[in-house]
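Visitor: I am new to this structure and would like to learn how to read its features one at a time. Could you guide me, giving the general idea before each case?

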Amino acid sequence: MKITDTSDLWWKTAVIYCLDVETFLDSNGDGVGDLQGLSQRIDYLAQLGVTCLWLMPFYPTPDRDDGYDVSDFYGIDPRLGNHGDLVEVIRTARDRGMRVIVDLVINHTSDRHPWFVSALRSVDSPYRDYYVWRSDAPPKGQKNAVFPGQANGIWGKDEKSGQWYQHSFYEHQPDLNLANPRVRDEIAKIIGFWLQLGISGFRVDAVPFLLEIPEGVDIPEPHDMLRDIRRFLQRRSSEAILLGEVNLPYETQVEYFGGENGDELTMQFDFVGMQALYLSFARQDPAPLIAALRDRPVLGPEVQWANFLRNHDELTLDKLSDAERQEVFEAFAPDERQRVFGRGITRRLPPMLGGDPRRIRMAYSLLFTLPGTPVLFYGEEIGMGENAEISGREAVRTPMQWSASRNGGFSDAAPRRLTAKPPSDGYAPEHVNVAAQLVDPDSLLYFVRALTSRYRISPELGWGTFEVVDQPADSLLVHSLTADVGRVIALHNFAEVPVTTTFRVADEPDGTTLLDLLEPSHIPLGPDGAVELEVAAYGYRWLRVSRPGDGRVV
């Protein structure tokens with residue numbers, strides 16, 4: 001399939017940027033970010049090179065789980081604005097070439113959702129079967145796999161009826177019964193509603209939990225539910241996507257794409273590759289990442305991996321062995337308080353890498369050259385750190401740092417009224433902020449802009465077939481991505497010392513050179529396509545194979 005034949009698959013070469021409206025920019029001085037504030041920063045995101053905004057939950061909520069406890073799937077939390085404000089965000093983004101996707105949280109609701117409130121009133125409520133119930137007491141000692149130590153099992157008791165409701169997450173988040181056709185109809189209405197307002201798809205929360213069928217319910221093929229959602233989505237909007245959170249082994253993730261048919265999730269986050277990457281960072285050895293990338297299933301042209309270095313949750317390491325996880329803990333979270341649930345790290349990337357600009361830039365260079373679509377978490381482009389004074393996953397969900405002024409330019413409110421406090425250490429707003437980096441050509445912000453720019457003009461990176469390039473240096477990952485429009489070779493040095501390597505670019509015509517996409521230079525190929533290069537400590541190179549007569553100058 002040629003790239004020119006699939007130009008509607010916009011997400012194959014997108015730059016996705018995840019943000020929480022609540023912590024992005026406060027426009028009215030109440031200490032809470034809002035949609036009007038986001039509208040004021042759309043131009044900033046466009047200049048950064050973002051082509052897709054992913055908005056974390058903005059629905060009405062008791063806010064006991066950062067908005068993932070939804071009390072109205074059709075509403076907007078009044079603290080953040082209203083539907084008109086969201087439409088303005090979508091319109092403004094569209095005008096600048098950006099699409100908007102939003103979180104779809106359909107595994108559970110808040111216990112204050114009107115459906116659950118009605119379900120608790122009577123076992124005869126029409127909404128009782130919207131949730132999962134059992135009459136017998138659950139087994140003793142049952143643990144909660146999602147929030148070990150913070151949630152008590154997965155069953156909560158309804159004292160009025162004596163029955164128990166399932167909650168895979170917190171007790172205040174009762175699970176929806178997706179085996180109920182009426183619940184699936186409600187989900188279709190929710191999807192249709194937000195598509196009608198102009199969004200371009202959904203990041204689907206906790207997908208594996210959606211397909212866990214309650215005991216005693218006979219559904220031959222749970223994945224049919226996911227296929228139904230995808231079919232409905234594409235009937236309403238041919239461009240819309242489902243970006244799924246599926247933290248499972250690769251072989252199982254393939255099932256969530258829909259196997260060879262590719263008729264379920266459009267994209268999935270690569271949790272396995274991300275965890276292998278941090279193990280490689282800890283060892284200063286690309287071998288774990290190379291092994292993961294080679295194990296990655298080859299996908300069809302209409303589905304895609306989403307790559308990320310950080311997100312809004314803990315940095316989960318659950319797919320590593322106990323010994324490997326301990327290696328990463330010792331390297332990047334030596335303080336027990338920086339760890340959570342026994343499996344994750346509550347830190348952002350720059351502090352984990354000791355603030356070393358070489359390592360930080362190499363990491364983002366790698367993110368943009370891995371096969372798939374890059375996803376940025378807000379503040380990554382300026383090197384924000386976490387607030388170590390905030391416990392758990394909330395440590396990385398601090399306000400965006402726009403300037404060195406009070407509250408980092410996020411809000412005019414008194415500091416005590418802020419939705420969260422910025423860090424007060426070396427990553428505080430006076431040290432890390434957008435305003436300072438906008439006027440500094442050597443800043444991380446300028447560097448990430450350069451990466452997004454080069455990525456956007458290099459469709460090989462989003463579309464190309466991945467291959468590890470054989471070469472002798474153990475500390476180097478050299479890989480290529482080849483598509484019908486050309487080939488890009490990327491080199492990344494995981495070690496703190498420079499390294500020289502040699503490799504071959506075979507089967508190319510005489511006069512072929514390697515065009516450096518990040519520096520103004522050409523590298524001629526030697527006999528039989530031989531190349532010898534030095535890569536700096538924690539260095540990186542993006543090299544396009546430029547054949548004679550190739551009209552592409554970058």
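Predicted model: local features only at pLDDT ≥ 70, side-chain atom pairs only at ≥ 80, totals over all residues.

Visitor: How many bridges join strand β5 to strand β6?

Guide: A general point about strands comes before the case. In a regular strand, the side chains alternate between the two faces of the sheet. Here, strand β5 (residues 155–158) and strand β6 (residues 163–166) run antiparallel and are joined by four bridges, with Gly 156 standing opposite Tyr 165 in β6. The two strands form a hairpin with four residues between them, and in the turn Gly 162 has a positive phi of about 80°.

Visitor: Which residue has a positive phi although it is not a glycine?

Guide: The general idea is that most residues other than glycine have a negative phi. Ala 206, however, has a positive phi of about 50°, and this residue is found in the loop between β7 (201–204) and α6 (207–210). A second case is Asp 528, whose phi is positive and near 60°, and which is found in the loop between β20 (522–524) and β21 (530–535).

Visitor: Is Asp 528 buried or exposed, and is Ala 206 buried or exposed?

Guide: Asp 528 counts as exposed because its relative accessibility is 61%, and the cut-off for exposed is over 50%. Ala 206 has a relative accessibility of 5% and therefore counts as buried, as the cut-off for buried is under 20%.

Visitor: How many aromatic pairs does a search of the whole structure find?

Guide: In general, a pair of aromatic rings is described by the distance of the centres and the angle of the planes. A search of the whole structure finds 32 aromatic pairs. One of them is formed by Phe 271 and Phe 308, which are edge-to-face, with 5.2 Å from centre to centre and 75° between the planes. This pair links distant parts of the chain, since Phe 271 belongs to helix α9 (residues 271–283) and Phe 308 to strand β10 (residues 304–308), 37 residues apart. Both Phe 271 and Phe 308 are buried.

Another edge-to-face pair is that of Phe 368 and Tyr 455, with 5.8 Å between the centres and 75° between the planes. Here too, distant parts of the chain are linked: Phe 368 is in helix α13 (residues 357–369) and Tyr 455 is in helix α15 (residues 444–456), 87 residues apart. Phe 368 counts as buried because its relative accessibility is 1%, and Tyr 455, with a relative accessible area of 0%, is buried.

Visitor: Which residues form one aromatic cluster, and which residue lies over the face of Trp 463?

Guide: The cluster is formed by Phe 58, Tyr 59, Tyr 74, Phe 193 and Trp 194. Over the face of Trp 463 lies Lys 12, at 4.8 Å from the ring centre, and over the face of Trp 402 lies Arg 41, at 4.6 Å from the ring centre.

Visitor: What joins the side chains of Arg 541 and Asp 516?

Guide: Their side chains are joined by a polar contact of 2.8 Å. Arg 541 lies in strand β22 (residues 540–546) and is buried, with a relative accessible area of 15%. Leaving out residues up to four places away in sequence, Arg 541 touches several residues, including Ile 489, Leu 491, Asp 516 and Ile 523.

Visitor: Into which domains is the chain divided?

Guide: The chain is divided into domain 1 (4–107 + 179–296 + 306–455), domain 2 (114–166) and domain 3 (465–546). Between the C-alpha centres of domain 2 and domain 3 there are 56 Å.

Technical notes: Residues numbered from 1 in each chain as written. Heavy atoms only, no water. Phe/Tyr/Trp six-rings, centres within 6.5 Å; stacked < 30°, edge-to-face > 60°. Buried < 20%, exposed > 50% of the residue type's maximum accessible area, 1.4 Å probe, protein only. Lys NZ or Arg CZ within 6 Å of the ring centre and 35° of its normal. Polar contact = N/O pair within 3.5 Å; in protein donor to acceptor, adjacent residues only side chain to side chain. Contact = heavy atoms within 4.5 Å. Domains from an automatic or database assignment. Pairing = 2+ DSSP bridges.
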